[in-house]
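I opened my notebook to look up a few side chains and their neighbours. Here are my entries.

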Amino acid sequence: MYWLEKRMVQGLGHSSRTVWKRYVACGSRELLERVRMGQKRPGQWRVVLGNACTVLSPSMEKAG
C-alpha cells in the first residue's frame, strides 16, 4: 500500500514545522507517481510506502 502525501507548513517563524498530509492510498506506486507529477507543484508531494491496515479517514480532501 502506498500513500500520496502533500507537504504542509504549520505555524510561522521559529515555531513553524513541516507535516505531511495523506490524501490517497493505492496499491500501485507507479500510478501515484503519475498523479504526483500531474499536480501544480509536484515537489510538494511524495509517494511513501504505508501500512495496509491503516484506515482511510472520511475527512480526506480532494487532491489538487
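I started with a term: buried means under 20% relative accessible area, exposed over 50%, and partly exposed in between (1.4 Å probe, protein chains only). By that rule I noted Trp 45 as buried, because its relative accessible area is 6%.

I noted that this is a predicted model, where local features need pLDDT of at least 70, side-chain atom pairs count only at pLDDT 80 or more, and totals for chains, interfaces and linings use all residues. Residues are numbered from 1 along each chain as its sequence is written, and side-chain values use heavy atoms, with hydrogens and water left out.

**Entry: rings.** I found one aromatic pair (ring centres of Phe, Tyr or Trp, its six-membered ring, within 6.5 Å; planes under 30 degrees apart are stacked, over 60 edge-to-face, the rest tilted). The ring centres of Tyr 23 and Trp 45 lie 5.1 Å apart and the planes meet at 55°, so I wrote "tilted". Tyr 23 belongs to strand E2 (residues 17–26) and Trp 45 to strand E3 (residues 45–49), 22 residues apart. Strands are DSSP runs of E, at least two residues, numbered from the N terminus. Tyr 23 is buried too, at 10%.

**Entry: Glu 5.** I located Glu 5 in strand E1 (residues 2–10). Glu 5 counts as buried because its relative accessible area is 4%. Which side chains make polar contacts with the side chain of Glu 5? I found Arg 22 at 2.9 Å and Arg 46 at 2.7 Å. A polar contact is a pair of N or O atoms within 3.5 Å; within protein, one must be able to donate a hydrogen and the other to accept it, and residues adjacent in sequence count only if both atoms are side-chain atoms.

Technical notes: Helix = DSSP H or I, 4+ residues; strand = E, 2+ residues; numbered from the N terminus.
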